[in-house]
Amino acid sequence: MTRKTSLTEPVTVSPADPGVATGGGPIPVVDLAPYLRGEPGALDVTADAIRTALESIGFYVIVNHGVASSLIESTFAEAARFHAQPLEAKMQLAMNDHNNGYMAINRYMVTTSGVSENTKPDLNEAFFSKRERSADHPGLLAGRRFVGHNQWPDLPGFRESVCEYTDTLDVLALRMLPVIATALELPPDYFAPYFDDSQFSFRMSHYPPARAEENQFGIAPHTDANFMTFVAQTSVAGLEVRLPEGEWVPVPYIENSFAVNSGDMMYRWTNGRFKSTPHRVRVPEGATRYAIPYFLGPNLDAVIECLPTCVSAGAGFPPISYEAYLNWWYDANYDASKQTT
Ligand SMILES: [Fe+2]
């Protein structure tokens with residue numbers, strides 16, 4: 001399979017000011033075009049915007065990101081095609097211990113949330129895949145958790161389409177690492193060695209129209225376990241973010257944009273300086289909603305310990321490998337043994 005190595009030329013979505021746009025209410029909108037085009041000074045301007053976003057809210061929206069809108073649309077269509085299959089076909093791919101495959105509705109509840117007591121299962125079904133590894137990958141040969149084979153449906157072209165999307169998001173995510181490093185007053189290439197076999201997870205969620213009970217959601221309040229999450233925006237509302245004051249606000253819908261949030265690995269690496277912000281998804285009222293979040297994490301062996309520029313932030317987490325964190329998080333939230341019954 002050919003791997004994508006570049007983004008498309010960013011097409012200007014709006015006549016925004018170079019580097020930073022506004023219009024997202026409390027959630028900043030960042031225009032990536034100047035940075036992706038390599039314009040002088042754009043890295044620093046973009047990093048300043050990201051630093052402000054991650055120190056204050058932990059959430060932002062990116063426009064002019066270089067991912068073709070046709071690819072985003074076709075990936076949403078693949079999500080709809082997957083979930084339109086009969087339940088029996090989807091259950092053939094029941095989620096395994098690697099968190100790959102299909103999770104039926106009512107099988108998942110976030111229990112690691114520090115922001116709310118979640119007592120009802122989430123009202124979405126989902127398909128998960130990870131990076132495709134070659135047959136001779138050492139982790140695959142060793143049967144290492146989270147490296148295992150993906151479980152693909154019997155849908156012509158599905159695997160190729162999904163991999164084209166995740167390859168492209170890989171490129172975008174890696175282009176963001178120098179921005180994050182610069183925002184943290186580190187050399188732009190600081191994070192590169194931690195992400196050369198990055199552990200991403202890709203999720204295709206389906207939220208059918210449903211009536212939620214009290215304290216029940218499409219996805220209940222939680223923070224993400226990974227480093228950065230890229231959510232292609234959809235016009236069907238639902239994603240909400242908790243502001244530092246505790247108020248929940250919707251992420252503003254901007255056509256052809258990604259909502260980006262940092263996760264627990266960003267929070268721990270920066271000693272709490274960059275937020276891992278609670279968010280949730282409301283059950284769509286009278287509508288069907290699909291979501292295609294791409295969750296970027298570092299290499300499984302990466303040890304997450306306080307960055308030299310974040311010592312004074314003071315949260316004081318002990319070092320932990322990404323693999324150890326994932327083992328705890330997935331065991332707590334996704335019990336593979338419950339997926340086949
Ligand atoms: Fe999330």
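Modeller: Let's start with a handy rule: the expected span of a helix is 1.5 Å times one less than its number of residues. Keep in mind that we're looking at a predicted model. Helix 6 has 26 residues, and its first and last C-alpha atoms are 37 Å apart, close to the 38 Å expected at 1.5 Å a residue.

Biologist: What span should helix 2 have, and what does it have?

Modeller: Helix 2 covers residues 42-56, which is 15 residues, so at 1.5 Å a residue it should span 21 Å. Its end C-alpha atoms are 21 Å apart, so the two agree.

Biologist: Which residues of helix 2 are buried?

Modeller: Start with the general idea: an α-helix has 3.6 residues a turn, so residues three or four places apart point the same way. Now the case here: T46, A47, A49, I50, A53 and L54 are the buried residues of helix 2. They cover an arc of only 160° around the axis, so they sit on the same side of helix 2.

Biologist: Is N64 buried or exposed?

Modeller: Count the neighbours. The cut-off for buried is 20 or more other C-beta atoms within 10 Å. N64 has 23 of them, so it is buried. N256 has 16 other C-beta atoms within 10 Å, so it counts as partly exposed.

Biologist: How much of the chain is buried?

Modeller: Of the chain's 341 residues, 45% count as buried. As a general idea, in soluble globular proteins nonpolar side chains tend to be buried together. In this model, the largest nonpolar core holds 86 residues, and I50, Y60, V61, I180 and F230 touch the most other members. Helix 6 (residues 158-183) gives the most to this core, with twelve residues.

Biologist: Let's turn to strands. How many are there?

Modeller: The chain has 16 strands, along with eight helices. In general, strands of a sheet pair through backbone hydrogen bonds, either parallel or antiparallel. Here, four strands make an open sheet in the order 7-12-9-10, with antiparallel pairing. Strand 7 (219-222) and strand 10 are the edge strands, each pairing on one side only. If you ignore direction, neighbouring strands in this sheet are turned by 20° against each other on average.

Biologist: Which residues stand opposite each other?

Modeller: Walk across the sheet. Strand 7 and strand 12 (residues 279-281) share two bridges, and I219 has V281 as its bridge partner. Next, strand 12 pairs with strand 9 (residues 239-242) over three bridges, where L239 stands opposite V281. Then three bridges join strand 9 to strand 10 (residues 248-250), and R242 stands opposite W248.

Biologist: How many residues lie between the strands in the hairpin of strand 9 and strand 10?

Modeller: Five residues, and within this hairpin G246 takes a positive phi near 105°.

Biologist: What does W248 touch?

Modeller: Leaving out residues up to four places away in sequence, W248 touches E240 and R242. With 13 C-beta neighbours inside 10 Å, W248 counts as partly exposed. The C-alpha atoms of W248 and H279 are 8.2 Å apart, though 31 residues separate them along the chain.

Note on methods. Residues are numbered from 1 along each chain as its sequence is written. This is a predicted model: local features need pLDDT of at least 70, side-chain atom pairs count only at pLDDT 80 or more; totals for chains, interfaces and linings use all residues. A nonpolar core is a set of buried Ala, Val, Leu, Ile, Met, Phe, Trp, Tyr and Cys residues joined through C-beta atoms within 7 Å. A residue is buried if 20 or more other C-beta atoms lie within 10 Å of its own, exposed if 12 or fewer, and partly exposed in between; C-beta atoms are placed from the backbone. Two strands pair if DSSP finds at least two bridges between them. The arc is that of the directions from the helix axis to the C-beta atoms. Axes are lines fitted to C-alpha atoms, for helices over the stretch in contact, and angles run from 0 to 180 degrees between N-to-C directions. Two residues are in contact if their C-beta atoms, placed from the backbone, lie within 7 Å.
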